[in-house]
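Subject: Structure handover

Hello,

Here is the structure we talked about. Please open it alongside this note.

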Amino acid sequence: MAHWGMYSASAADGEVVDIRPHAGDSSPSPALGNVPGSVKHRSRITGPSVRRGWLENGPGPTDRRGNDDYVAVTWDELTDLLAGELRRVIDRHGNEAIYGGSYGWASAGRFHHAQSQVHRFLNCLGGYTRSVNSYSTGATGVIMPHVVGAHWKMFSRSTSWKVIAAETDLLVAFGGVPAKNTSVNHGGTSDHPTESALDALRARGGEIVSVSPLRDDMHGAATWLAPVPGSDVAVMLGLAYVLAVENLHDTNFLDKYTTGYDTFERYLLGASDGIPKTPEWASAKSGIAAEAIVDLARSMASRRTLITVTWSLQRVKSGEQAPWMGITLASMLGQIGIPGGGFGHGYGSMNEPGLGPVPYPLPTLPQGLNPITAHIPVAAIADMLLGPGTEFDYNGRRMTYPDIKLVHWAGGNPFHHHQDLGRLRRAFGRPDTIVVHDPYWTPMAKHADIVVPSTTSLERNDLSCTRNDPLLVAMQQAVPRYADSRDDYDTFAVVARKMGVADGFTEGRTSGEWIEHLYDQWRGYLRSANVETPEFDEFWRAGSVRMATEEDLTLFADYREDPVSNALRTPSGRIEIFSEVIDGFGYQDCIGHPAWFEPVEWLNGGRAQHFPLHLIANQPRTRLHSQLDHGATSQASKVQGREPIRMHSVAAAARGVTDGDVVRVFNDRGACLAGVVVDDGMLDDVVQLSTGAWYDPLDPADTNSLCKHGNPNVLTPDVGASSLSQGSTGQHVLVQIERYDEALPPITAFDPPTMTVRSVG
Ligand SMILES: Nc1nc2c(c(=O)[nH]1)N[C@H]1C(S)=C(S)[C@@H](COP(=O)(O)OP(=O)(O)OC[C@H]3O[C@@H](n4cnc5c(=O)[nH]c(N)nc54)[C@H](O)[C@@H]3O)O[C@H]1N2
Ligand SMILES: Nc1nc2c(c(=O)[nH]1)N[C@H]1C(S)=C(S)[C@@H](COP(=O)(O)OP(=O)(O)OC[C@H]3O[C@@H](n4cnc5c(=O)[nH]c(N)nc54)[C@H](O)[C@@H]3O)O[C@H]1N2
Ligand SMILES: [Mo]
């Protein structure tokens, strides 16, 4: 099982040579094609390694990270060094000086989940500075609890695909429903039903309107509206304006189920700020014809309409506004809680929305308690490392960045996920020590001092399941452990022993015993709820056990049915179109109701005079993030070895480039190379370059070096969505593009660093 689906593997000579998707999967992910050949790929870390400068000079700030040799050490030396350094930092600076936020997807599996492992380990040592929220839903995760009381329920208890296929007449999809993204689900998935559900909707006569800068974000949409990227909130306000002035809004619903519509309406009509949000106003912002906005609003009010917003719309500056405004618009239509109507968030972002949830808890490795209260919103990592002691705003609080001495990472790749990589590299120069566990020499591993070689999930047993999929799967080891790598659990167990906390960490169990224990514990829980499951051995032999899932859900149906007993967990118990709490924070960049804020990185602003193309840095079709970028499916998409950038023929012609050329994509933060794919399925000043090409600096000594390979995060802004959420804003960035006529530098991202023999002093 992988995050991108369930499969079985054939292996020979310690390598996966072939894979077969799960027979029940109606639309297996293309990312499966990256798996064969991944175990023994040359980018694997063969054994414990330490950065030479750190070994010779000891811990401390340095500009050599990302530009140094490594020394091979034994496991005993590595674990001694790691235990000694953790002890030094804790004794001298306290546990708060350890950053263990360790964001990232790692691999599927409930026990060997790297983040759970590192958190449990650090908690045994007395805790660490942690991170909150995610890169996925950084803005949503903070705003939605204020608006509807929780954010995760919107995905895990979303309206089922079956209900949408049967009931929805009009699907208005902001960001489309990109099929490429539904290939992925955190923790795995046994089926990919999105496309067939959309086909069924269409076959019934349902209509789909995709509002998205890229045509292929929605296959077979009857209508494709391509707004200026970042202008969706203006479009939604224009739609809301039509509903309000034509009296198409459902005042009964607004009165009974929401609060604050009146305040919002004063803004909408321009009473509070002098600007009526007319369709003409929205058209000037978005480039979508005013008549199209009027027609769409009337059409929405006349039929069973579901409004969906992908997560990408909130991974931008003021990202709180699009989901908030989406719910407001759906509230005006009054169909929230009716089958096939209302609101959805994340259809086409992940496989999960639309799938039925498992109604009981899943087997889970306990992470223990973290007594350290220091934390940051996850995308503030560079701000924290560069500005210890600096104050910042977050969700109504004024907080202070701790002074981090040691960064401990397992299962994530900041050189994939973070923005403005030049700035991140300078930030990573500040701590005394960086520890990274990874199976591969990723750019993050190449910036670490202590490099811990991990196994991949193919090299160990585990259990996997996820909250919206019926299968609990026995993940069975396919190949032996590669070279001198180890399971993260075994590494942590040894370091825990050396630091005197072995009992707390292992509880006396091997990993095999833990897996059985987690299963048995879960089985006991289910039995107490009168659900019978097979014994562990039987489950392991069978390979999976099928769990019940709740079917035919409609988001907020329970709330609609009984808004008193099923009140939302908001201060008013209702959907908060106006939030007194947020209003009380007094933020300029996130006021008490959804509103339009002019973006910085957009085509209608001053910055576009210097960088006239809007780059969409979205999720890659051919892989999960940076994982297995060296695999066959990912490599087949590259152009002269570079990540493909899609450009409109007009933009390409204006720059004298054509299909297959390599270009330099740049702005005032950085530059990367990319390979041109001409595609007219977008506005002519929009370009698209997915995330995930391994960062590959032309000059490793230069933190602002050109990336030879095409990682868009050398270009993206490292600024929070707003004072409220501080969420990542990596989806949008303005750039310029020119043909690259110099000799093409070879890709070196997948080469291991130079290993040197130790000079014993
Ligand atoms: N510009 C821009 N940037 C973005 C986004 C965007 O839209 N635009 N999207 C953001 C989003 S939504 C996300 S979620 C992030 C994703 O960012 P990440 O989750 O950090 O990216 P991954 O490439 O999945 O990194 C997982 C790492 O875990 C390692 N790994 C796998 N299995 C194991 C294991 O068992 N043990 C250990 N120790 N390591 C393991 C893999 O080799 C890999 O290096 O990126 C964000 N970045
Ligand atoms: N194949 C694959 N699937 C994945 C992942 C992966 O790495 N690979 N990553 C997974 C993860 S961790 C996450 S969090 C989700 C992320 O899910 P999302 O954030 O929803 O995914 P993206 O592909 O970044 O964006 C979806 C689409 O939104 C459109 N879009 C961008 N900006 C705008 C805008 O301003 N307005 C409108 N209307 N549309 C816009 C883009 O055209 C883009 O293709 O994807 C998951 N699915
Ligand atoms: Mo994500």
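Below is what came out of the analysis, starting with the ligands.

Please keep in mind that this is a predicted model.

**Ligand 1**

Ligand 1 has 34 residues around it. Those that come nearest are His 417, Asp 438, Asp 488, Ser 626 and Asn 713. An oxygen atom of ligand 1 sits 2.5 Å from an N or O atom in the Ser 626 side chain. For the side chain of His 417, the distance from an N or O atom to a ligand 1 oxygen is 2.7 Å. Gly 411 takes part through its backbone: one of its polar backbone atoms is 3.3 Å from an oxygen atom of ligand 1. On its own, ligand 1 has 930 Å² of accessible area, and the protein covers 97% of this.

What is the make-up of the shell around ligand 1, by class? It has 22 polar, eight nonpolar and four charged residues. Two of the elements that supply residues are α16 (414-417) and β17 (433-438), with at least two each. At the level of domains, the shell draws on domain 2 (41-128 + 371-546) and domain 4 (606-739), taking at least three residues from each.

**Gln 419**

Gln 419 is a residue to look at next. Its place is the loop between α16 and α17 (421-427). Is the residue Gln 419 buried or exposed? Gln 419 is buried, because its relative accessible area is 4%, and the cut-off for buried is under 20%. Its side chain has two contacts to list. A polar atom of the Gln 419 side chain lies 3.0 Å from the backbone oxygen of His 417. The Gln 419 side chain also makes a polar contact of 3.3 Å with the side chain of Asn 713.

**Ligand 2**

Ligand 2 is surrounded by 33 residues. The closest are Lys 180, Asp 217, Asp 232, Ser 312 and Ser 349. A backbone N or O atom of His 625 is 2.8 Å from an oxygen atom of ligand 2. A nitrogen atom of ligand 2 lies 2.9 Å from a backbone N or O atom of Val 211. The side chain of Asn 618 places an N or O atom 3.0 Å from an oxygen atom of ligand 2. Taken alone, ligand 2 exposes 920 Å², of which the protein buries 99%.

The shell around ligand 2 has 14 polar, 13 nonpolar and six charged residues. Which domains each give the shell of ligand 2 at least three residues? They are domain 3 (150-355 + 559-585) and domain 4 (606-739). Domain 4 (606-739) thus turns up for ligand 1 and for ligand 2.

**UniProt annotations**

- "Molybdopterin oxidoreductase N-terminal" is the UniProt domain annotation for residues 2-39. In the model, that stretch is 0% helix and 34% strand, and its end C-alpha atoms are 14 Å apart.
- "Molybdopterin oxidoreductase" is listed by UniProt as a domain at residues 44-497. Here the chain is 35% helix and 15% strand, with 27 Å between the end C-alpha atoms.
- "Molybdopterin dinucleotide-binding" is the UniProt domain annotation covering residues 613-729. This part is 9% helix and 21% strand, and the end C-alpha atoms lie 17 Å apart.

Two residues other than glycine have a positive phi to check. Asn 395 has a phi of about 45°. Asn 395 is in the loop between β14 (391-394) and β15 (397-400). With a relative accessible area of 24%, Asn 395 is partly exposed. Phe 556 has a phi near 65°. Phe 556 is in the loop between β21 (544-546) and α22 (557-561). Phe 556 counts as buried, because its relative accessible area is 13%.

Last, Arg 527. Arg 527 belongs to helix α20 (residues 511-528). It is partly exposed, at 42% relative accessible area. How many Å separate the C-alpha atoms of Arg 527 and Asp 751? The separation is 51 Å, for two residues 224 apart along the chain.

Best wishes

Note on methods
Residues numbered from 1 in each chain as written. Chains lettered and ligands numbered in written order. Predicted model: local features only at pLDDT ≥ 70, side-chain atom pairs only at ≥ 80, totals over all residues. Heavy atoms only, no water. Near = heavy atom within 4 Å. Polar contact = N/O pair within 3.5 Å; in protein donor to acceptor, adjacent residues only side chain to side chain. Areas by Shrake-Rupley, 256 points an atom, 1.4 Å probe, with all protein chains shown as cover. Helix = DSSP H or I, 4+ residues; strand = E, 2+ residues; numbered from the N terminus. Nonpolar A, V, L, I, M, F, W, Y, C, P; charged D, E, K, R; others polar. Domains from an automatic or database assignment. UniProt positions renumbered as here; feature names shortened; annotations may be inferred. Buried < 20%, exposed > 50% of the residue type's maximum accessible area, 1.4 Å probe, protein only.
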